[in-house]
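Please look at the sequence and the model below before reading on.

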Amino acid sequence: VHGGNWDLSCWFGGEPALAEKNAFMNLPYIVDGETVVSQSNACFYYLGRKFNLVGTTPTEMLNVDQCLCQVMDMRNAFVGLVYGPADVFEAKVGAYLESGVTAHLAKFEGWFKQQGTNFCAGNNPTAPDFHIWEMLDQHLELTKRRQLPSILEPYPLLKAFYDRFAALPQLQKYFAGPLHKLPINNTMAAFL
């Protein structure tokens with residue numbers, strides 16, 4: 001429903017049978033057999049462990065933890081911007097792109113400089129790389145639609161990561177498929 005009269009039950013508790021299995025039920029969630037996982041970082045960790053994407057050394061595992069938490073900070077700032085009235089979004093988006101998101105981008109640029117690695121936790125992709133790439137992609141789409149320069153121009157290491165991750169052969173089927181073309185946010189967001 002458009003115009004601010006949204007039925008939030010599909011987001012908060014729209015799956016009563018799943019809530020019986022997991023009281024934290026919320027979007028996003030994963031159903032894997034009898035296992036029901038909810039909450040964004042829990043989903044990333046669950047999939048990361050399942051597919052061996054949480055690092056192989058204690059240092060890599062710590063890097064996974066830190067990067068997942070940092071990208072969640074970035075995501076929360078973005079969600080706070082786009083989920084609200086369109087006029088508030090329009091009033092705040094300029095300042096957000098000039099100083100809000102740049103603080104997060106500078107941290108990730110510094111991280112890649114300090115680590116000297118191709119991906120967040122090492123030289124192989126791990127769970128936070130998916131989330132960081134997704135957030136960068138959403139921000140790039142926002143600037144593209146507003147006909148603004150790329151937010152990655154001042155961050156060469158972050159831009160190299162973005163391109164490197166997008167070029168992974170394992171992801172090409174996804175990028176060419178219909179799931180990659182879905183709206184970025186729910187219809188209640190000011191930026192879809």
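This is a predicted model: local features need pLDDT of at least 70, side-chain atom pairs count only at pLDDT 80 or more; totals for chains, interfaces and linings use all residues.

## Confidence

The mean pLDDT of the chain is 92, and 93% of its residues reach 70 or more. Among the elements, helix H1, which covers residues 16-21, has the lowest confidence with a mean of 87, whereas H6 has the highest, at 98.

## Nonpolar cores

The largest nonpolar core holds 35 residues, and those with the most contacts inside it are Leu-105, Ile-132, Leu-136, Leu-152, Leu-158 and Phe-161. Two or more residues of this core come from each of helix H3 (58-82), helix H4 (86-115), helix H5 (127-145) and helix H6 (156-166), and H4 supplies the largest share, with nine residues. Apart from this core lies another one of five residues, including Tyr-45, Val-64, Leu-68 and Ala-121.

Leu-152, one of the residues with the most contacts inside the largest core, touches Leu-105, Leu-136, Leu-140, Leu-158, Lys-159 and Tyr-162, when residues up to four places away in sequence are not counted.

Leu-179 is found in the segment that comes after helix H7 (172-176).

Why does Leu-179 count as exposed? Its relative accessible area is 58%, and the cut-off for an exposed residue is over 50%, so Leu-179 falls in the exposed class.

Terms used
Residues are numbered from 1 along each chain as its sequence is written. Side-chain values use heavy atoms; hydrogens and water are left out. Helices (H or I, at least four residues) and strands (E, at least two) are DSSP runs, numbered from the N terminus. Buried means under 20% relative accessible area, exposed over 50%, partly exposed in between (1.4 Å probe, protein chains only). A nonpolar core is a set of buried Ala, Val, Leu, Ile, Met, Phe, Trp, Tyr and Cys residues joined through side-chain atoms within 4.5 Å. Contact means heavy atoms within 4.5 Å. pLDDT is the predictor's confidence in each residue, from 0 to 100.
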